[in-house]
Amino acid sequence: MINSRDTYTDFNPNKKENIEVPYGIGTIIELKDNPDVLARICQYRITVEHLELVINVGLNTNIYEKESEIDCEITAEKLEEKWRKTNRIIIGKLDPERFLRIPGFSEHSENEKKLELTRKKPKY
């Protein structure tokens with residue numbers, strides 16, 4: 001028999017919780033002591049250890065790769081203590097499929113130009 005005054009009856013598995021993290025996934029961060037050391041935040045992993053919520057942050061030091069594996073994992077407290085968001089502008093490899101095409105500079109625009117020459121123009 002369940003007593004309605006028991007605390008475990010208030011358990012709701014569909015309850016939503018908001019957990020704040022210092023930086024978004026994909027953010028480039030730098031060490032406060034050495035700004036030349038850069039890393040990208042790959043993931044946040046939330047666990048419960050000794051009845052306390054622990055947020056672990058997965059970092060990758062190869063910031064230019066799209067697919068990144070986790071090189072190291074630190075706690076969110078260490079992240080805020082030793083790391084900060086970089087103020088540098090970082091440009092990686094430009095993908096011609098996702099960015100603006102400049103005529104004459106990309107292989108795709110050269111192919112488009114050839115197609116335009118071979119298309120029949122409508123007669124008025």
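**Core, patch and loop in a predicted model**

In this predicted model, the largest nonpolar core has 12 residues: Tyr-23, Ile-29, Ala-39, Ile-41, Tyr-44, Ile-55, Val-57, Leu-59, Ile-74, Ala-76, Leu-79 and Trp-83. Strand 2, strand 3 and helix 1 (76-82) are the elements that each give two or more residues to this core.

Q: What makes Ile-41 count as touching Val-57 and Leu-79?
A: Contact takes heavy atoms within 4.5 Å. Val-57 and Leu-79 are among the residues that Ile-41 touches, leaving aside those up to four places away in sequence, so they have heavy atoms within 4.5 Å of Ile-41. Tyr-23, Ile-29 and Leu-59 are on that list as well.

Q: Why is His-50 called exposed?
A: The relative accessible area of His-50 is 78%. Exposed means over 50%, so His-50 belongs there. You'll find His-50 in the loop between strand 2 (38-49) and strand 3.

Q: How do you know that Leu-51 is exposed?
A: Leu-51 comes out at 85% relative accessibility. The cut-off is over 50%, so Leu-51 counts as exposed. Leu-51 also lies in the loop between strand 2 and strand 3.

Q: What makes the phi of His-50 worth a look?
A: Most residues other than glycine have a negative phi. The phi of His-50, though, is positive, near 55 degrees. Leu-51 isn't a glycine either, and its phi is positive too, at about 65 degrees.

Q: Which residues form a nonpolar patch on the surface?
A: They're Ile-19, Val-21, Ile-46, Val-48 and Leu-53, with about 420 Å² of accessible area together. Leu-53 sits in strand 3 (residues 52-60).

Definitions and conventions:
Residues numbered from 1 in each chain as written. Predicted model: local features only at pLDDT ≥ 70, side-chain atom pairs only at ≥ 80, totals over all residues. Heavy atoms only, no water. Patch = residues over 30% accessible without salt bridge, like charges linked within 9 Å, V, L, I, M, F, W, Y side chains within 5 Å. Areas by Shrake-Rupley, 256 points an atom, 1.4 Å probe, with all protein chains shown as cover. Salt bridge = Lys/Arg side-chain N within 4 Å of Asp/Glu carboxyl O. Helix = DSSP H or I, 4+ residues; strand = E, 2+ residues; numbered from the N terminus. Buried < 20%, exposed > 50% of the residue type's maximum accessible area, 1.4 Å probe, protein only. Core = buried A, V, L, I, M, F, W, Y, C linked by side-chain atoms within 4.5 Å.
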